[in-house]
Amino acid sequence: MRLRNIPGSREAIGASEYVIPEESECAGKWRELFGNENPIHVEIGTGKGRFLMELAKVHPEISYVGIEKYSSVLLRAIQKMEEEPLSNVKFIRMEAEHILRYFAKGEVDRIYLNFSDPWPKERHAKRRLVSREFLDRYRVLLKDGGHLEFKTDNRDLFDFGVEETEPAKWEIMEITYDLHHDEKMNRGNIMTEYEERFSSMGNPICKYVIRPLR
Ligand code: SAM
């Protein structure tokens with residue numbers, strides 16, 4: 001993601017009706033915020049929001065929350081929402097490590113991670129969104145029967161994610177190392193911005209679907 005600081009992006013996000021204010025007490029109140037009892041699906045590292053918004057159009061019966069740490073990137077998602085508002089999408093600008101402040105235990109039905117930052121240095125392994133430290137957080141907020149879906153073209157990050165599942169006590173439900181040639185797992189696939197870019201360069205896309213063992 002190009003990290004160009006866009007002057008005023010933080011203010012624009014703060015004023016947007018599509019963004020939940022950073023310090024708001026939203027844990028346990030997401031269904032109230034959306035005004036219905038629909039399942040809550042969360043994408044962490046949503047970038048410019050394309051994946052989430054495409055999904056939201058196909059699934060009006062689901063409420064979607066996009067988490068992104070950079071205002072300048074989230075601003076693009078907000079601009080798209082202004083052009084084509086979707087009542088089942090909200091965003092939060094936040095660092096994912098604080099996710100348990102924003103969602104109550106068992107409040108989330110599904111988590112999506114798409115093309116997460118690889119943090120290649122070993123000493124930064126805990127920052128990878130598929131690390132056991134993050135899986136421990138996701139376990140709390142996922143309801144029983146909920147699951148997590150992760151896509152990336154980065155084989156090292158994917159292998160790391162696969163290796164983390166067992167010590168974190170999660171189980172792999174589905175896995176592919178070439179999503180676009182896996183008829184079953186690719187059914188209904190919605191491409192993210194990064195997925196389109198890297199698959200057009202010939203990179204195979206890896207995907208797993210995992211759930212916490214209870
Ligand atoms: N998911 C999008 C896609 O597939 O096109 C964007 C992928 S981009 C490589 C990763 C995005 O995740 C960036 O926008 C980055 O700012 C965001 N991100 C990375 N780590 C994060 C974290 N710890 N908390 C919140 N957002 C994060």
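Predicted model: local features only at pLDDT ≥ 70, side-chain atom pairs only at ≥ 80, totals over all residues.
Me: Which polar backbone atom lies 3.2 Å from a nitrogen atom of the ligand?

Reply: A polar contact is a pair of N or O atoms within 3.5 Å; within protein, one must be able to donate a hydrogen and the other to accept it, and residues adjacent in sequence count only if both atoms are side-chain atoms. Here, a polar backbone atom of Lys69 is 3.2 Å from a ligand nitrogen. A ligand nitrogen is also 2.9 Å from a polar backbone atom of Gly45, and one is 3.0 Å from a backbone N or O atom of Asn114. The protein covers 96% of the 590 Å² of accessible area that the ligand has on its own, with areas from the Shrake-Rupley method and a 1.4 Å probe.

Me: Which residues come nearest to the ligand?

Reply: A residue is near a molecule if one of its heavy atoms lies within 4 Å of it. Of the 18 residues around the ligand, the nearest are Gly45, Glu68, Glu95, Ala96 and Thr192.

Me: Where is Thr192 found, and is this residue buried or exposed?

Reply: Helices are DSSP runs (H or I, at least four residues), as are strands (E, at least two), numbered from the N terminus. Thr192 is in the loop between α8 (183-186) and α9 (193-200). Buried means under 20% relative accessible area, exposed over 50%, and partly exposed in between (1.4 Å probe, protein chains only). Thr192 counts as buried because its relative accessibility is 6%. A polar atom of the Thr192 side chain lies 3.0 Å from the backbone nitrogen of Glu195.

Me: What is the phi of Trp119, and what is the phi of Lys169?

Reply: Most residues other than glycine have a negative phi. Trp119 has a positive phi, near 40 degrees, and Lys169 has a positive phi near 65 degrees. Trp119 is in the loop between β4 (108-114) and α6 (132-141), and counts as partly exposed because its relative accessibility is 27%. Lys169 lies in the loop between α7 (155-165) and β6 (170-176); with 54% relative accessibility, Lys169 therefore counts as exposed.

How values were computed. Residues numbered from 1 in each chain as written. Heavy atoms only, no water.
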